[in-house]
Amino acid sequence: MSAITLIDYDAGNLASLEGALERLNLPFVRAVSPDQTASSGPIVLPGVGHFEAARRSLLERGWWQLLPELVAEGRPLLGICLGLQLLAEGSEEAPRTSGLGLIPGIVRRLGPGVKVPHMGWSQVRQASAHPALPDPDGAWLYFVHSYALEPAAETVYLADHGRPFAAVEARGKVMGFQPHPEKSGPTGLLLLQSALAWMGATASVPEAPCN
Amino acid sequence: MPAKRIIPCLDVKNGRVVKGVQFKELRDLGHPVELARRYDLEGADELVFLDIAASLENRGTREAWVRDVARELSIPFTVGGGVSSVEDARSLLRAGADKVAVNTAAALRPDLVCELADAFGRQCVVAAVDVKRDPDLGWRVYLKGGTEPTDRAAVDWLWELNDLGAGEILLTSMDRDGTGDGFDLPLLDLASELPIPLIASGGAGLEVHFLEALEHGADAVLAATLFHEGILPIPRLKAYLAQNDLSIRI
């Protein structure tokens, strides 16, 4: 079955994300273990909390091993917030461990000189063009984080908090959002829709009325 | 710098949003989801729900409306009221709240703040503090919905909360609350020295009051009646603040 697979690994609440997918009319399954993964369609890796705690939780459930394999087979993967950071090569939050390495770069602590966590609405700007994501033209998105991925040449959107950081990353069908599109009003919802559509998610067709 | 945030505050009792009129009957304003939807559309940046009659018995009711709100809302929200353990907070966060607010329980047992920050990250922990100015002693902390004075100095407690791991302070001036005379600006000047975001509460009556509070270091401003009654529509307030060169999400 083709559906969005929402990884549920006890790192953050899925209620808002599920609500957003319902409003977008996108079918999804909530998967606690890898055997619950839909047979095709994008995989969404959400997450809030500590890098290492999340990594361990994914490892225990078998996702940490599986995700690179699925990506190698061409499966689209979207990381949100901590989910994006886990896709990177590593994080200053957990210097003794590594990330999934699906997006190059290191996640570094924000600051000094600014309030951390970076919490609230910030504007994003385009850094490089992407087939699915429009020029945000200063759109406001909601962020909650203390660490951020360093920007690279391929970074799609940038945001600033003391320094510029990667707000949206894409490497082929692997994408990452540092902001929470599901918490970013209508703008965020549109962005989530565009990203998931590009990754192959299709809206469910409403059933025909029986007449 | 992130945008300055406009936050409507909703008091909830037994699963309904109520308007508290002091010493009088509470007026029913609707289901939390209805108001959440309305404020989402109006352009609120965040919502705060305070469960004013939190008890063990209504815990299930609360989880149900928190879950409903999370599914409907496309902006973040905080839930507070009677949160006194990691388990209380977990149930709210699992139901979909983005943050939990603690007040009296944290003052009685400050370790609660560290425990919450350790368990969920400090971005999930809002420390609500009610203060009132004593002519001789300065601002003092009050507990239990402002009914119980303490001899704790407000500024000391704010810094302690920061050190314990609070991610944000929701600071209510009881002197100004309900007056419509404007926020307590000298209080905000002191509190905005904190390295964590500050939500100013108590005293909003006019557009200019919000501007003053934000210029005095608040990162966000909270109000209830003014928004609930439609006296000051959020789009109008935001347009006014943006015209005054504040960073506002429009």
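In chain B, the axes of helix α1 (residues 32-42) and helix α2 come within 9 Å and cross at roughly 25°, where helices are DSSP runs of H or I with at least four residues, strands are runs of E with at least two, and both are numbered from the N terminus. The axes are lines fitted to C-alpha atoms, for helices over the stretch in contact, and the angles run from 0 to 180 degrees between N-to-C directions. The model is predicted, so local features need pLDDT of at least 70 and side-chain atom pairs count only at pLDDT 80 or more, while totals for chains, interfaces and linings use all residues. Residues are numbered from 1 along each chain as its sequence is written, and chains are lettered from A and ligands numbered from 1 in the order in which they are written.

At that angle α1(B) and α2(B) are roughly parallel to each other, since angles under 35 degrees count as roughly parallel, over 145 as roughly antiparallel, 65 to 115 as roughly perpendicular and the rest as oblique. Their crossing is right-handed, a term used when the near helix is turned clockwise from the far one by less than a right angle, anticlockwise being left-handed. From α1(B), Pro32(B), Val33(B), Ala36(B) and Arg37(B) meet Trp65(B), Asp68(B), Val69(B) and Glu72(B) of α2(B), two residues being in contact if their C-beta atoms, placed from the backbone, lie within 7 Å. By class, five residues of this contact are nonpolar, none is polar and three are charged; Ala, Val, Leu, Ile, Met, Phe, Trp, Tyr, Cys and Pro count as nonpolar, Asp, Glu, Lys and Arg as charged, and the others, Gly among them, as polar.

Helix α2 (residues 59-72) of chain B also meets the other chain, for its axis and that of helix α1 (residues 15-23) of chain A come within 7 Å and cross at roughly 50°. These two helices are therefore oblique to each other, and α1(A) passes α2(B) in a right-handed crossing. Here Ala15(A), Ser16(A), Glu18(A), Gly19(A) and Glu22(A) meet Arg67(B), Ala70(B), Arg71(B) and Glu72(B), and the residues of this contact divide into two nonpolar, two polar and five charged.

Taking the two chains together, 25 residues of chain B are in contact with 25 residues of chain A. On the side of chain B that touches chain A, the elements giving two or more residues are α2 and α3 (86-95) of chain B, and α2(B) provides the largest share, four residues. That side has 11 nonpolar, five polar and nine charged residues.

Chain B as a whole has 10 helices and 12 strands. Its radius of gyration is 17 Å, close to the 18 Å that the globule rule gives for 250 residues, so chain B is as compact as a globular protein of that length; the radius is taken over C-alpha atoms, and the rule is 2.2 Å times the number of residues to the power 0.38. Within chain B, Val221(B) lies in strand β12 (residues 220-223) and is buried, with 26 other C-beta atoms within 10 Å; a residue is buried if 20 or more other C-beta atoms, placed from the backbone, lie within 10 Å of its own, exposed if 12 or fewer, and partly exposed in between.

Chain A, by its own count, has five helices and 12 strands, and buried residues make up 52% of its 211 residues.
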